[in-house]
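Take a look at the fold below.

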Amino acid sequence: MLPGEDRAARRVLMVCMAAGTTTLLDQSVLNIAVPALRHSLGAGPTDVQWIVAGYSLTFGLMLVPGGSLGDVHGRKGLFLVGLSAFVLFGAVAATGARPDLVIAARLVQGAGAGLVNSQVIGTLQDVFSGLDRARALGLYAVTGGVAAALGPALGGALVAACGPELGWRLCLLLNTPCGLVTLWLAFRWLPKARRTAGRSQLDWWGLVWAGALTLALMLPFISTPGSALVAALWAGAAVALACCLVLGQRLRRRSGRVPLVHPSLPRSRPYMLGTAIAMASFGSSLAATLVLTMFLQSGLGLSALTAALVTLPSAVAMGVTSAVAWRVVRRLGPHTVTLGLALGILTLLGGAAVALTVPRTSLPLVLAAVQLLSGAAAGLTVSPNQALVLQHAPAEAAGVAGGILQMAQRIAAAVALSAVSGSYLRGTSGATGGSRTAFAQAILICAGLLAAAAVLSLLRPRLTARRRRPPLAAPGHPHSAPAREEA
């Protein structure tokens, strides 16, 4: 059931869900077409990594400034501008004849998607409140997740029906009809632009440091592996940039200005832990899907349609599990996320094992079964974790908390896509055995990310209870805090 009884509010939610579907579908639908794109454009491994990871990078970096601009200038106009840029540069990428042109178009397209989604988050915060807001944000997250899971299936069908040369271009053009319909609905149904803040206080320097740090983490995986000295230099650069970011945030707070990350957010341990969990799970999911589609086509020589059918069970399972996840949350509370992460880890380990051991003729069917479990795990993780994260956001930072969460996820995805795809591309040798080993190694990296998230998820209830117990504890009610987490 859609949150809220107001018809106008339900229409706003429909527009927001359509925007999430369009922008997240665009990235995942291209994954299945990467082998065709490489052959058509003569793109090298570095080009491929920039095409798939650059979109997430600019998407994430645009979320916070987009939210700030929406507060000052109103959200509707920026939503329309961002979505128009997204559709226009999607067409530029689809017609590109050189890898560098496609990369540039994808970078701008990602920025447009970030501008759109920052307005979505702000609009849902403006229109809904209380439990309706949590449900609206949950539906937005689930819709985007299911769209991302459906992307490979749609992309595979296009490549199979139209051939590799035209197919990958149509994958990039798929957002055009979706985007145009969303533009029309947004023009009609989104509330008129209104300001919620007097002037922008965005921490542009903080955003620059965050972007530079992300690039410092990405580039070692995108560039050709160098010596130990080069690796040490990259590590030193990342540490220095991280220090600059932290120092800049502290100086900005001391001067009385608003930093990039609201000062109350780092003090909320449940929020920070939940954001870290979301970063690891989101990056792992996108990277694992990309590597799987590359392995099925480049490694096993399967058609794009067959590869799409292997990934389809994930979308189905995620949609079904997401619909019933809230019932599990009522029983298990935040342990629902831990359960989903544990299932995800076992699924990734199982996928690596079957890739190394199962005969080629049976491998697609077995991997499809693995994808079914993977989708179920994602359904238990994505939306419940987001609700728990935003529930713990301090009231004075409720608006910016969603933008920081999504920015963190997208930045993590950019790094994870670069690292995991780089591991696979460097490990492939053209032979099926080499591809199997490279795939297993890449999937183990994804499993490691989920393992780190699972450890944090186990710690979250204890830290939350410890944080809430002093003001809430009363005789006979020593465990009242965890009950409040069930949203």
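Among contacts in the protein chain between residues at least 6 apart in sequence, what share joins residues at least 24 apart? The share is 84%, where contact means heavy atoms within 4.5 Å.

This is a predicted model: local features need pLDDT of at least 70, side-chain atom pairs count only at pLDDT 80 or more, and totals for chains, interfaces and linings use all residues. Residues are numbered from 1 along each chain as its sequence is written, and side-chain values use heavy atoms, with hydrogens and water left out.

The protein chain has 17 helices and zero strands. Both are DSSP runs numbered from the N terminus (helices: H or I, at least four residues; strands: E, at least two). Of its 487 residues, 55% count as buried, meaning under 20% relative accessible area with a 1.4 Å probe, protein chains only.

Now the helix pair. Helix 11 (residues 269-299) packs with helix 14 (residues 363-391) at an angle of about 160°, and the axes lie 10 Å apart. Axes are lines fitted to C-alpha atoms over the stretch in contact, and angles run from 0 to 180 degrees between N-to-C directions. Helix 11 is therefore roughly antiparallel to helix 14, a label for angles over 145 degrees. Residues making the contact include Tyr-271, Gly-274 and Phe-295 of helix 11 and Leu-367, Gln-371 and Asn-385 of helix 14.

Finally, one residue. Thr-347 sits in helix 13 (residues 335-357). Thr-347 is buried, at 6% relative accessible area. Leaving aside neighbours within four places in sequence, Thr-347 contacts Val-370, Leu-373 and Ser-374.

Terms used:
Angles under 35 degrees count as roughly parallel, over 145 as roughly antiparallel, 65 to 115 as roughly perpendicular and the rest as oblique. Buried means under 20% relative accessible area, exposed over 50%, partly exposed in between (1.4 Å probe, protein chains only).
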